[in-house]
Amino acid sequence: FLGGEPFKRTDLVEIAVHRTRFLANQYDKYPRFEASTNGLLDHRAQGFVRDHFSSIVLSLDGREKEHDHHRPLTGGTPSFRRVWRTAKALADSSVALSIRCCVSDANVEQMEGIAEWLCGELRPTSICFEPMKQTKEADAAGLQPPSPLPFARGYMAARRRATREGIPCVYSALSEQPRLTFCPVGKDTFIVAPDRTVRSCYLPRRHWEAAGVDMRIGRVEENGGLKVNDSAVQRLRQMVRDRPRCRRCFCRWSCAGGCLVAETPPGHDKAYTDYCRRTRLIQACALLEDLGMEKQMDELLQDEEAVRRLWNNTDDRTLSEDR
């Protein structure tokens, strides 16, 4: 369950969960329930999640000061203490708790400290650091997305700290396994929308239609049957092959070009974006670290000229196409 905030309508979530469990039992299946949430759950909702959900992705943008700066409630009142109660309740349960931390220019320098704190206090299944998207609400709050270099430095430091604690640190733009698309359809996953369409995008339909992309791959029929269009799935999976910006980038098969709607829609500019710069640098650092070359990784992150060369290189191939 995702949104928006799915637990604004806990009653609908409960109906869906109980109905699914009833139907699954008829076919001797055991369903798994997962949700992304802002953590503003009351005691009853916390209990329901603990009883029925397998995993939760909880948005928590750092310690109290950092989180409240990012996520005040209506009227500017703080939200951290309510979210923290949910976090502790789930951390002390059988639910696999993953933390998603949004990073802006306000908390980018605290990423390593946030990772250390989360590992010590919650022992989550994983920690995901994601750069903030530019919005009018963020502008009004005086928040900006982090610059690529500080984010990469912070992420690699946080990853190193979390790894020492045995906790994976994730940057969702990169995958350790080759993938054809950033969308869920690349992992044989699909999204069912309220209008019964089956799609590979959680964004509102108007967003991807404005970008010139059709993310529909099927439909749930009136009788409950599921109809998936194989050609639509293959079309989405093949789009990474046709992205001019990605064609000669060494991250091509790990980031798959990013979001088809927001990052690389049809007709996108060939020049690297901040998304590309951030992803290229983190991928290079992760490769060095995985090869046991931590010293070289640290040197790269401190060498701004080398970073610029990495960002500006438009052809990462080791062999030309005619060879």
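Because the model is predicted, local features need pLDDT of at least 70 and side-chain atom pairs count only at pLDDT 80 or more, while totals for chains, interfaces and linings use all residues. Residues are numbered from 1 along each chain as its sequence is written, and side-chain values use heavy atoms, with hydrogens and water left out.

Salt bridges come first. A salt bridge is counted where a side-chain nitrogen of Lys or Arg lies within 4 Å of a carboxyl oxygen of Asp or Glu, and by this rule there are 26 salt bridges. One of them joins the side chains of Asp61 and Arg71, with N to O at 2.7 Å. Asp61 sits in the loop between strand E2 (55-59) and helix H3 (64-70), and Arg71 in the loop between H3 and helix H4 (80-91), so the pair ties together parts that are 10 residues apart in sequence. Helices (H or I, at least four residues) and strands (E, at least two) are DSSP runs, numbered from the N terminus. For accessibility, buried means under 20% relative accessible area and exposed over 50%, with partly exposed in between (1.4 Å probe, protein chains only). Asp61 is buried, because its relative accessible area is 1%, whereas Arg71 is partly exposed at 24%.

Helices H3 and H4 are also linked directly. Glu64 forms a salt bridge with Arg81, the closest N and O atoms being 3.3 Å apart. Glu64 belongs to helix H3 and Arg81 to helix H4, so this pair ties together parts that are 17 residues apart in sequence. Glu64 is partly exposed, with a relative accessible area of 33%, and Arg81 is exposed, with 59%.

A further salt bridge connects the side chains of Glu112 and Arg161 at 3.2 Å, N to O. Here the partners lie in helix H5 (residues 111-121) and helix H7 (residues 148-164), so the pair ties together parts that are 49 residues apart in sequence. Glu112 counts as partly exposed at 32% relative accessibility, and Arg161 is partly exposed with a relative accessible area of 23%. Salt bridges also link Arg159, Arg160, Glu289, Asp290 and Asp298 in a network.

The backbone is the next topic. Most residues other than glycine have a negative phi. Asp28, which is not a glycine, has a positive phi of about 55°. Asp28 is in the loop between helix H1 (10-26) and strand E1 (34-37), and is exposed because its relative accessible area is 71%. Ala256 likewise has a positive phi, near 55°, and is found in the loop between H10 and H11. Ala256 is buried, however, with a relative accessible area of 0%.

Rolling a probe the size of a water molecule over the atoms shows where empty space is left. On a 1 Å grid over the protein atoms alone, a cavity is a set of points where a 1.4 Å probe fits but cannot get out, and lining residues have an atom within 4 Å of a point. Grid points are joined across faces, edges and corners, and a volume is the space filled by probe spheres set on the points. The count by this rule is one cavity of 30 Å³ or more, and the largest cavity holds about 100 Å³ of space. Its lining has 14 residues, of which Cys246, Cys249, Cys255, Gly257 and Cys276 lie nearest the centre. Helix H10 (252-255) and helix H11 (274-290) each supply at least two lining residues, and H11 gives the largest share, four residues. The lining divides into seven nonpolar, three polar and four charged residues. In this division Ala, Val, Leu, Ile, Met, Phe, Trp, Tyr, Cys and Pro count as nonpolar, Asp, Glu, Lys and Arg as charged, and the others, Gly among them, as polar.

Contact means heavy atoms within 4.5 Å, and, leaving out residues up to four places away in sequence, Asp316 touches Arg248, Cys249, Phe250, Tyr272 and Arg280. Asp316 lies in the segment after helix H13 (304-312), and its side chain reaches the backbone nitrogen of Phe250 at 2.9 Å.

Ile191 counts as buried because its relative accessibility is 17%. With residues up to four places away in sequence not counted, Ile191 touches Pro184, Thr197, Val198, Arg199, Cys201 and Tyr202. The C-alpha atoms of Ile191 and Arg216 are separated by 9.4 Å, the two residues being 25 apart along the chain.

Key: A polar contact is a pair of N or O atoms within 3.5 Å; within protein, one must be able to donate a hydrogen and the other to accept it, and residues adjacent in sequence count only if both atoms are side-chain atoms. On a 1 Å grid over the protein atoms alone, a cavity is a set of points where a 1.4 Å probe fits but cannot get out, and a pocket is an open set with protein on both sides within 12 Å along at least five of seven lines; lining residues have an atom within 4 Å of a point.
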